Amino acid sequence: MTTQDFLGKENYNISSQTIAESCPSNIALIKYWGKYKDQIPANPSISYTLNHCKTNTKVEFFANEPFSVQTFLAGNEEHKFAEKIEKYFRSIEQYLPWILKGKYIIKTENTFPHSSGIASSASGFGAIAKCLMNLDETFSGKTSEEESLKKASFLARLGSGSACRSLYNGLVVWGESDEIEGSSDLFAIKYSDEEIHSVFKDFNDWVLLIHEGVKSVSSTVGHGLMNTNPYAERRFQEARENFVPMKEILKSGDMNSFIKLVEHEALTLHAMMMMSDPAFILMKTGTLEVINKIWDFRRETSLPLFFTLDAGANVHLLFPNDGSEDKIKTFIESELLQYTQKNGVVKDVMKF
Ligand code: PMV
């Protein structure tokens, strides 16, 4: 498929509407870090969609009013976010030709703490894209659920790259990979549930809130720094190559190899940041303390507790519900919570 396949229909009939949609966040296992023009990823990525951390969004569309956007986050008016959405709407007019023909009031709230480092841009743009597709079908006629989700994923990508993966549950792939049939740089696809061992279908993601402030370097700037990073090409190649073992692992249920690969991906993401010019470090002392504690715990118990990191200091603690979870939860509560700012932990699960 090409971008042309997503152009909007010229025949539409607009009316004032109120739409509400909800979309979860996601956490990448093979990371997307580095992109080309028009939000084309430099390498494919795969993520888990979370079950509980979501953005709920209500869009009120007032047809035939001058184009404007007003946004509210948890009841508070957010001018910066409104500017961002206004720019985004202008950029997607060719895909939704009616989009600038009215006024918007957008009310959005996250079910997880603000600034927790959980990707609110992923769930946020995912929810907005779903609202837009809902409006599009009201104005231009219904399409199949599959087509509608694909276009929502395409539109979400143009808002925030990783958002395109939040449209599907379970494991989700974005970016062209020889290993994944049907994969595309333009939208995400669901990784076939049949190709996943049961141990990976009931997993915990507990996010330790090590640092709740605003990040020192945004992901937009971070992606941009990959353009001049001397290790970038090797990294993109490695991410592509990592799909080969990942497929095998997901099928066989090989937990040790999964742990090794997922932790390697997280550390590589942060290594890329440290090797950028200018260099930057998003991990905090607590991040490193927790990583070392996890490694000690694994050496001592052989239990499957491991981590991944997003572009931030917080640690995503991953562990399966395979009978070992009670011991792991006790360890987290007694040994790891001390590294958080306010005993902050967001407990999510990926069950499908
Ligand atoms: O979607 P963005 O532009 O915020 O990029 C996010 C990239 C990471 O979260 C660091 C990795 C990923 O694949 O989600």
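Colleague: What makes a residue one that Phe-89 touches?

Modeller: In this predicted model, contact means heavy atoms within 4.5 Å. Leaving out residues up to four places away in sequence, Phe-89 touches Phe-67, Val-69, Ile-99, Leu-100, Tyr-104, Ile-106, Ile-128 and Leu-132.

Colleague: Which residues touch the most other members of the largest nonpolar core?

Modeller: Phe-89 is one of them, along with Ile-46, Tyr-104, Phe-200 and Phe-258. This core has 76 residues. Helix α2 (residues 120–140) gives the largest share, nine residues.

Colleague: Why is Ala-74 called exposed?

Modeller: Exposed means over 50% relative accessible area. Ala-74 has 56%, so it counts as exposed. Ala-74 sits in the loop between β5 (68–73) and β6 (76–77), and its phi is near 50°, a positive value in a residue other than glycine.

Colleague: What makes Ser-302 count as exposed?

Modeller: The cut-off is over 50%, and Ser-302 has 63% relative accessibility, so Ser-302 counts as exposed. Ser-302 is in the loop between α7 and β11 (306–309). Its phi is also positive, about 60°, although Ser-302 is not a glycine.

Colleague: What is the peptide bond from Asp-277 to Pro-278, cis or trans?

Modeller: That bond is cis, with omega near 0°. Pro-278 lies in the loop between α6 (255–274) and α7 (285–301).

Methods: Residues are numbered from 1 along each chain as its sequence is written. This is a predicted model: local features need pLDDT of at least 70, side-chain atom pairs count only at pLDDT 80 or more; totals for chains, interfaces and linings use all residues. Side-chain values use heavy atoms; hydrogens and water are left out. A nonpolar core is a set of buried Ala, Val, Leu, Ile, Met, Phe, Trp, Tyr and Cys residues joined through side-chain atoms within 4.5 Å. Buried means under 20% relative accessible area, exposed over 50%, partly exposed in between (1.4 Å probe, protein chains only). Helices (H or I, at least four residues) and strands (E, at least two) are DSSP runs, numbered from the N terminus.
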